[in-house]
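Subject: Structure handover and notes

Hello,

Please read them with the coordinates open.

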Amino acid sequence: MMRQYELVERVQKYKPDVNEALLNKAYVYAMQKHGQQKRASGDPYISHPLEVAAILTEMRLDESTIAVALLHDTIEDTSATRAEIDELFGEDIGALVEGLTKIKKLDLVSKKAKQAENLRKLLLAISDDVRVLLVKLADRLHNMRTLDHMTPEKRARISEETMDIYAPLAGRMGMQDMREELENLSFRHINPEAFDTVTRKLEDLSQRNEGLIRKIEDELRELLVVNGLPDALVKGRQKTPYSVFRKMQSKSLSFEQLSDVYAFRILVDDIPACYAALGIVHTRWRVVPGRFKDYISTPKQNDYQSIHTTIVGPSRQRIELQIRTKRMHEIAEYGIAAHSLYKDKEVANGEVARSPGSNAYARLRRTIESLAEGDNPEEFLEHTKLELFQDQVFTFTPKGQLITLPRGATPIDFAYAVHTNIGDTCVGAKINGRIMPLVTRLSNGDEVEIIRSGIQVPPPAWEEIVVTGKARAAIRRATRAAVRKQYSGLGYRILERTFDRAGKSFSRDGLKPVLHRLGQKEVEDAIAAVGRGELSSLDVLRAVFPDYQDERVTVKPSSDDGWFNMRSAAGMVFKLPGKAKTALEEGASETGPEALPIRGLSGNAEVHFSVGGAVPGDRIVGIMEKDKGITIYPIQSPALQKFDDEPERWIDVRWDLDEANNTRFMARIMINALNEPGTLAEVTQTIATSDVNIRSMSMTRVAADFTEVHIDLEVWDLRQLNQLMSQLKELQSVSTIRRVFT
């Protein structure tokens, strides 16, 4: 275990004027609070915060951040309080320690929701001070290094969380060394068999190619010196097991098929020397096509700058090269930790500025702010993974603005990245001047122009197309708003009629005082809940007028089973449930002013027909169904019997079609026909000549000579349906015909 004086000496090496008293005070406080606590390994618990602090000294961080590392578990795991830490160490350190404290006693429905809430709190704390992130990543790194003492189940769970969240977050902040170590440690526990296999193969390859890396280093160095770059540094390395495994998976390659297991870096003094080195290397060795990327002219979101190229180098070995300045290398290795957090310093020659406003941190803060708006915990976790933890492609607006998106992004993602309103009104896109489908995957360098329409509403299906969290969240919000608006209109009409029948006046303002009784937050939510069938209009009436008494008189049915007889317009007799007769006698007529008008249902999510359908001219009744709105039934439908004891769900409806109606409606018929050649052709020919469309058909043989044919038809109205049924009845091959009500 590291000792306190060793920690102080580490800080003194890069900060001679270190506040030694602060570090000693933090160490003593943490030691006292953790007391006799032990880690799973049996080591004193204080060894953990000490090692976390030691990791941060490798990043050359200030003594305040080191003190936070020593104190980071005190609020969570000991009797320490935020107020006590504020008093002893100041509010700045207290806020950082609290930001690192997990949420403990939350009434959450799942471990996933708890994980999401912890991540939300961490990210919000990061947006206030990036030092929270640096301490958290160091904390996770030491926990991963000592994970062997946990149970296999816990090792797997922690490793998956690290791979999903913390390793990519380190990469997003440009801390590549930490990311690679976190990934390899996680890989070892998530897939130990694959880890052992890849590690063993890399060791065998290293033994076979002993001296190859040094040989290539020497040749590259000699080439650069001869061509005027004597100060260039060349460093080669073998790729990590996880990076090799990931490439095997993504490219569907075996280990033996990999040709670029080795990577080399060339470090020079300035940006012109980077391009000079690139020219020297490309002149000497052949370039592998399609493997050149210039992240100096277009830095990554995490401030990473470098030139990437792949050559067929010495010994005809394929070699990946990264060419960068020494300062770029420092940022590439330590990311945001390489930036001065307290001083603004301009860096010459176009390199990233060393300031707390660095691109990586500024973009992270903007992303966190957009993610933190109103989603439930599981959605937040999903959007965070989508938004933060993917490789990028670089695209441009027609005016040249750079838009960075995850790989696999579509023009829809692009539109939402520019502005939410542009995404909501997007109807098409031009990619590099050509109109392309909205599902097109964007590539580096694409110029994208969004085509918009003011009447567009984003379809819910877009949620399955997009890959960014911002786009997915915006589509969900727009979909929920559109559905709420649609159901609000229906709910408002239902409430108006319910209140009117009771002799009361309905208004939105009247609902405000009783929202808590209805379990709703806003008036529109309550009205939409009525439209969706989640809330009874009578319950709303009673909430607003507690003294109201329902004086509706139910007509007694004419038979013991609760059903009565009714003759249809076609002369057929149907048995109807008692409540259907009650609804009819109370005004559910085709022209009743209190009945809701039913028009064509194309695109109408709030009103549906029952399975058997209904056509204009049918006497109809509406039934409220949860999350479906109103389902329309013909008054003859036997399915209405199951709603006989729920009068609050019956809605008076009427047809409201004009002469310009161009909507067909579905009706189901059953024909008992002779089982002989030509029967089906005769039936379908009759239907076709009557200007009726067949939606679906099924046949069942019920006897040697007869077949039942069930046909779903699309007709204009009841008159056309009755005429067709009369024509079919006259066919010699048809024995009986009747309409089917479900």
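A residue counts as exposed when its relative accessible area is over 50%, as buried when that value is under 20%, and as partly exposed in between. Arg60, at 56%, is therefore exposed. Please keep in mind that this is a predicted model.

Overall picture

The protein chain is built from 28 helices and 23 strands. It has 742 residues, of which 51% count as buried. Among the contacts in the chain with a separation of 6 or more, 66% are between residues 24 or more positions apart. The exposed surface comes to about 35900 Å², and 48% of that is supplied by carbon and sulfur atoms.

Backbone points to check

Most residues other than glycine have a negative phi.

- Arg60 has a positive phi, near 60°. It sits in the loop that links α3 (47–57) to α4 (63–71).
- Asn432 also has a positive phi, near 55°. Asn432 belongs to the loop between β9 and β10, and its relative accessible area of 47% makes it partly exposed.
- Gly335 comes after helix α16 and has a positive phi near 60°.

Strand β9 (residues 426–431) runs antiparallel to β11, and 5 bridges join the two. Within this pair, Gly428 is opposite Ile451 of β11. Cys426, a residue in the range of β9, is buried because its relative accessibility is 0%.

Cysteines

How many disulfides are there? The count comes to 0, taking a disulfide as a pair of cysteine sulfur atoms within 2.5 Å. Cys274 has 0% relative accessibility and so counts as buried, and Cys426 is likewise buried at 0%.

Glu320 is part of strand β6 (residues 318–325). Is this residue buried or exposed? It counts as buried, because its relative accessibility is 17% and the limit for buried is under 20%. The Glu320 side chain makes a polar contact of 3.0 Å with the side chain of Lys239. Leaving out residues up to four places away in sequence, Glu320 touches Lys239, Lys247, Asp260, Tyr262, Ala263, Phe264, Arg291, Thr309 and Thr310.

The buried residues of helix α16 (residues 326–334) are Arg327, Met328, His329, Ile331, Ala332 and Glu333. The elements that cover them include α11 (176–190), β2 (262–268), α15 (271–284) and β6. Strand β6 is also where Glu320 is found.

Ser159 in helix α10

Ser159 lies in helix α10 (residues 152–172). With a relative accessible area of 0%, Ser159 is buried. Which residues is Ser159 in contact with, leaving aside its neighbours within four places in sequence? They are Met144, Leu147, Leu185, Ser186, His189 and Ile190.

The β21-β22 hairpin

Strands β21 (residues 693–701) and β22 (residues 706–715) pair in the antiparallel sense, over 8 bridges. Ile694 stands opposite Leu713 of β22. The two strands are joined as a hairpin through 4 residues.

Regards

Notes. Residues are numbered from 1 along each chain as its sequence is written. This is a predicted model: local features need pLDDT of at least 70, side-chain atom pairs count only at pLDDT 80 or more; totals for chains, interfaces and linings use all residues. Side-chain values use heavy atoms; hydrogens and water are left out. Buried means under 20% relative accessible area, exposed over 50%, partly exposed in between (1.4 Å probe, protein chains only). A polar contact is a pair of N or O atoms within 3.5 Å; within protein, one must be able to donate a hydrogen and the other to accept it, and residues adjacent in sequence count only if both atoms are side-chain atoms. Contact means heavy atoms within 4.5 Å. Two strands pair if DSSP finds at least two bridges between them. Accessible areas come from the Shrake-Rupley method with a 1.4 Å probe; for residues, only the protein chains shown count as cover.
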